[in-house]
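Work through the following exercises with the sequence and the model side by side. Try each task before reading its solution.

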Amino acid sequence: MVVKDEEEYNKCRSSHPLFFSNNGDTSFRLDRPSLFYFISGVTGHCHHGLKMIIKVLDDNSPPLPPSLPADDPPNHKSSATSHYSASVAAAAALPLLALPLFF
């Protein structure tokens, strides 16, 4: 599920998630520059590390630090319909804005 802020993310709970799905084949559109907080809604999973933060940068953001492996394309743009590039908290570039979530 997607929770609204870092506090809910850190506590591994949300009484009103921004997005919830449990069908096993879920996509979520990262449609704006922002931090997106994902946690597993299965009891105990989030507390055992099944959570992630995705940071979406706008096109005017400074380039990512040179921590990507040499075979990854730098600042890869996704589809023509997107005006954003994304990075995970670990600064790995993501070429997609709709990611499958498996929790």
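A residue is called buried when its relative accessible area is under 20%, exposed when it is over 50%, and partly exposed in between, using a 1.4 Å probe and protein chains only. The model is predicted, so local features need pLDDT of at least 70 and side-chain atom pairs count only at pLDDT 80 or more, while totals for chains, interfaces and linings use all residues. Residues are numbered from 1 along each chain as its sequence is written, and side-chain values use heavy atoms, with hydrogens and water left out.

**Exercise 1. Describe the elements of the protein chain and how much of the chain is buried.**

Begin with the elements, where helices (H or I, at least four residues) and strands (E, at least two) are DSSP runs numbered from the N terminus. The protein chain has one helix and seven strands, and from the N terminus on their order is β-α-β-β-β-β-β-β. Next, turn to burial: of the 103 residues of the protein chain, 27% count as buried.

**Exercise 2. Find the disulfide and explain which parts of the chain it ties together.**

First apply the criterion, which asks for a pair of cysteine sulfur atoms within 2.5 Å. The structure holds one disulfide, and it joins Cys12 to Cys46 with an S to S distance of 2.1 Å. The link of Cys12 and Cys46 is left-handed, with -70° about the S-S bond. Then place the two residues: Cys12 lies in the loop between helix 1 (6-11) and strand 2 (26-29), and Cys46 lies in the loop between strand 3 (34-39) and strand 4 (51-58), so the pair ties together parts that are 34 residues apart in sequence. Finally, both Cys12 and Cys46 are buried.

**Exercise 3. List the salt bridges and state how exposed their partners are.**

A salt bridge requires a side-chain nitrogen of Lys or Arg within 4 Å of a carboxyl oxygen of Asp or Glu, and by this rule the count comes to two. In one of them, Glu7 pairs with Lys11, the closest N and O atoms being 3.0 Å apart. Both Glu7 and Lys11 lie in helix 1, four residues apart, which is about one turn of the helix. Glu7 is partly exposed at a relative accessible area of 48%, and Lys11 is also partly exposed, at 39%. In the other, Arg32 pairs with Asp31, and here the closest N and O atoms are 3.0 Å apart. Arg32 is partly exposed with a relative accessible area of 39%, and Asp31 is partly exposed with 44%.

**Exercise 4. Decide where the model should be read with caution.**

The mean pLDDT of the protein chain is 72, and 59% of its residues reach 70 or more. Over residues 72-100, however, pLDDT stays under 50, and for this stretch the model has 55 contacts beyond four places in sequence. Where pLDDT is low, the predicted coordinates should not be read in detail.

Technical notes:
pLDDT = per-residue confidence, 0-100. Contact = heavy atoms within 4.5 Å.
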